[in-house]
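Hi,

Here is the structure I promised to pass on.

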Amino acid sequence: MGNGTATADLDVALEKHRTELTGYCYRMLGSSFEAEDAVQDTLVRAWRNYEKFEGRSSLRSWLYRIATNVCLDMLSAGSKRARPMDLSEATPLAQAALNPRPDHTWLEPMPDARVLPAVADPAEAAVAKESVRLAFMAALQQLPPKQRAVLILREVLAWKASEVAELLETSVASVNSALQRARATLAERSDAGAEGAVSDPLDEEQQRLLERYVKAFEGYDMTALTALLHEDAIMTMPPFDLWLRGTADITGFMLTIGASCAGSRLVPVQANGLPAFAHYKPDPENGGFTPWAVQVLEISAGRITGFHCFLDTQRWFPLFDLPLRLEAEADQAQQGD
C-alpha cells in the first residue's frame, strides 16, 4: 500500500511543475508541440530516476536541470524557429504568392494557460507574459542554446547566477559572460520588446480597440480596419513565408487573395500574452463556419502593429481547445428553442 501512495504522491509533486516547465521549454524551443513533448520526456526521466535524486537541490531545480538537458539535446541540430519577417523582406501585394515552408521553420503560438502558471505577484505575472510574446520569443531563437537557457533562467525566472551555474555544471563567471552576450544580442534587435505597450490586464483603450477590430473584421469593413492599423503594421500567415507591411497591402490582400474571409467570426482566446482570436470563416458548402486561423495581435500606442495569422488549424484549434466548427446563429437559435 505504502508504495502505491508514494507513487501517487510523486505523480502529484511532478505534475505541479508541468505548466512552468512547459513555459520554460517553449521559450527554449519556440514550438508548442515540441515543448509539450520535452516536458513529458522530462517528467518520465524524473519518474524513472527519482531514486537517484538525493534531494541536494529542490525537486524544482532538479526538474529544470533535466528539462534543460532535454531541450539542449533537441536543439543540437541547430534549428532556429523564426517568423516570416526574420527570413525575408516584405512582399509587395502585386507579387504576393503563398509558398508554404515546413512546420519546423516557424515560431509557433501557444495558449497562455499552458505556459503561464498562476502567480500571486502581478510583477512576476507581467514578466512571464512579456517573455512569451512573439517578438521576444523570436529574439530568443537567435541566441545559441546555452545563452538562451542562461537568459531565461536569470532574467525571466529570476534564478541566481550560482543556481544557474550549478544547473549547467559551469562557473558563475561563464554564466555572467553568457548573460552579457545574450543581452547584447537582444539589445541589437529593436523589436524584442515591441509589444511592450500591451498592458496586463488590457486597459480601457486597448479593450475598445479590440472591440472595434472585431466589428471591422467581422463586417469586413476595410476603411474601419485601416483606421485601427498602424501605417507600418505587419501581417504574417505561417506556414506561408509571405508577409505584408502597411495598411494598403494588408487590406488589398484581404479584398483579393483573402476575400473568402468576408463574413467571418472571431472568438477571443489568450495566446502568447497577447490579445488573440480564433478566426472562423464561412463554410459555403455546409453552412456555419470553419476554422481558418489563430490570430495573434500586437498593439502599440493605440494601434494594431502586428496581425499574425497561424493557419494550420488542424494543429492549433485542438491545442486551444477550440471547436472545429461553429454553427450559424440561426441554427443555434433554433436549437435553443
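A quick one to start: is Tyr64 buried or exposed? Tyr64 counts as buried, because its relative accessibility is 1% (buried means under 20% relative accessible area, exposed over 50%, partly exposed in between, with a 1.4 Å probe and protein chains only).

Before the rest, some housekeeping. This is a predicted model, in which local features need pLDDT of at least 70 and side-chain atom pairs count only at pLDDT 80 or more, while totals for chains, interfaces and linings use all residues. Residues are numbered from 1 along each chain as its sequence is written, and side-chain values use heavy atoms, with hydrogens and water left out.

On confidence: the mean pLDDT of the protein is 92, and 94% of its residues reach 70 or more (pLDDT is the predictor's confidence in each residue, from 0 to 100). Where pLDDT is low, the predicted coordinates should not be read in detail.

Now the sheet. There are 6 strands in an open sheet, ordered β2-β1-β6-β5-β4-β3, with mixed pairing. Helices (H or I, at least four residues) and strands (E, at least two) are DSSP runs numbered from the N terminus, and two strands pair if DSSP finds at least two bridges between them. β2 (243-245) and β3 (265-271) are at the edges with a single partner strand each, so one side of each has no neighbour in the sheet. From one strand to the next the twist averages 20° (axes are lines fitted to C-alpha atoms, for helices over the stretch in contact, and angles run from 0 to 180 degrees between N-to-C directions).

Taking the β2 end, a hairpin of 6 residues joins β1 to β2. These two strands pair in the antiparallel sense over 3 bridges, with Met235 opposite Leu244 in β2. β1 also pairs with β6, in the parallel sense over 4 bridges, and Leu229 stands opposite Ile304 in β6. Over at the β3 end, β3 and β4 (residues 274-282) are antiparallel over 7 bridges, with Gln270 opposite Pro275 in β4.

Two helices to look at here. Helix α12 (residues 204-218) lies across β3, β4, β5 (289-300) and β6 (303-310), running at about 145° to β5. Helix α14 (residues 247-255) packs on the sheet, touching β1 (229-236), β2 and β6, at about 50° to β1 (contact means heavy atoms within 4.5 Å).

Then the aromatics: the whole structure has 12 aromatic pairs. Rings of Phe, Tyr and Trp (its six-membered ring) pair if their centres lie within 6.5 Å; planes under 30 degrees apart count as stacked, over 60 as edge-to-face and the rest as tilted. Tyr24 and Tyr64 are edge-to-face, 5.1 Å centre to centre with 65° between the planes. That pair links distant parts of the chain, 40 residues apart: Tyr24 is in helix α2 (residues 18-29) and Tyr64 in helix α4 (residues 59-75). Tyr24 counts as buried too, at 0% relative accessibility.

Phe217 and Tyr220 are also edge-to-face, at 5.9 Å and 85°. Phe217 is buried, at 3%, and Tyr220 is buried, at 13%.

Last, charges over rings: Lys281 lies over the face of Trp292, 3.6 Å from the ring centre, and the charged end of Arg315 sits over Trp316, 5.0 Å from its centre. The criterion is NZ of Lys or CZ of Arg within 6 Å of the ring centre and within 35 degrees of the ring normal.

Cheers
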